[in-house]
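Student: I would like to go through this model and ask what stands behind each label.

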Amino acid sequence: MHSLTKLALGVMGRLRPSPAKGDSAAAISLPPPESQGGAPLMDALGRRHSTREFAPDELPLPLLSSLLWAAYGVNRADGGRTAPSALNAQEIDVFVALRSGAYRYDARANELRLVAASDLRRITGYQDFVDDAPLDLVYVADHARMRLVPVQLRESFASAAAGAISQNVYLFAAGNGLASVVRAWIDRAAIADALGLTHDQQVLFSQTVGYPKGAS
């Protein structure tokens, strides 16, 4: 769908997800992530950039598992994560929009849990490439977990945490032959409605990930 068409539908409050393609399993168990390998950090930093052209090929589950672990997985026995969170509120939820449905990443169980049996990729941003890229991540702040943070500071604290997560995704992509771009031009109301979010949950931004267009 063209960006201008999406924008018009968004203004009218009519931007809607597509029917899911394939089986919308209630849960997807992810294989153990590969926490070793990839390009060295300085090489990944040198390669980090935004890409807006993606191949439609889906990521295999082992690669998806490692990507999500790098983004915001559990990396310590005490439940600590790969990205920081003020007061250890761990207020960010990572939602994964796939052809088969939208899922919430459960880092502790290392699985995806279905929240919507629809293809939400088209509503995760106004850009036309999000319709066809295999994976869109949506970062959502749960203010109910931030009771110790003053109300006026919660959005900035959560945005800092989500920014760290998105950079983890960028570096993983750069180190593993993937493409990525983070996006703030999104219809937050449409996304929140499609995901069934509560009033305590706030959509921050989205990030597209996939193989670069033309990759063999």
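Tutor: Two strands pair if DSSP finds at least two bridges between them. Helices (H or I, at least four residues) and strands (E, at least two) are DSSP runs, numbered from the N terminus. The model is a predicted one, in which local features need pLDDT of at least 70, side-chain atom pairs count only at pLDDT 80 or more, and totals for chains, interfaces and linings use all residues. Residues are numbered from 1 along each chain as its sequence is written, and side-chain values use heavy atoms, with hydrogens and water left out.

Student: What makes β3 and β4 a pair?

Tutor: They are joined by 4 bridges, in the antiparallel sense, and the rule asks for at least two. Ala97 has Ala102 of β4 as its bridge partner. A hairpin of 2 residues connects β3 to β4.

Student: How many bridges join β4 to β5?

Tutor: There are 5, and the strands run antiparallel. Tyr103 stands opposite Leu114 in β5. The hairpin of β4 and β5 has 4 residues between the strands, and Asn110 there takes a positive phi near 55 degrees.

Student: What makes β4 mostly covered?

Tutor: Of its 6 residues, 5 are buried.

Student: Which element gives the most to the lining of the largest cavity?

Tutor: β3 does, with 3 residues. Among the lining residues are Phe95, Val96, Ala97 and Ala102. Ala, Val, Leu, Ile, Met, Phe, Trp, Tyr, Cys and Pro count as nonpolar, Asp, Glu, Lys and Arg as charged, and the others, Gly among them, as polar. On that scheme the lining has 9 nonpolar residues, 1 polar and no charged.

Student: How many aromatic pairs are there?

Tutor: There are 3. Rings of Phe, Tyr and Trp (its six-membered ring) pair if their centres lie within 6.5 Å; planes under 30 degrees apart count as stacked, over 60 as edge-to-face and the rest as tilted.

Student: Why is the pair of Phe54 and Phe129 called tilted?

Tutor: The ring centres are 5.7 Å apart and the planes meet at 35 degrees, so the pair of Phe54 and Phe129 is tilted. Phe54 is buried at 10% relative accessibility, and Phe129 is buried at 12%.

Student: Why is the pair of Tyr139 and Phe205 called edge-to-face?

Tutor: Their planes lie at 70 degrees, with ring centres 5.3 Å apart, so the pair is edge-to-face. Tyr139 is in strand β7 and Phe205 in strand β9 (residues 201-210), 66 residues apart. Both Tyr139 and Phe205 are buried.

Key
1 Å grid on protein atoms, 1.4 Å probe; cavity = no way out; pocket = protein on both sides within 12 Å on 5 of 7 lines; lining within 4 Å. Buried < 20%, exposed > 50% of the residue type's maximum accessible area, 1.4 Å probe, protein only.
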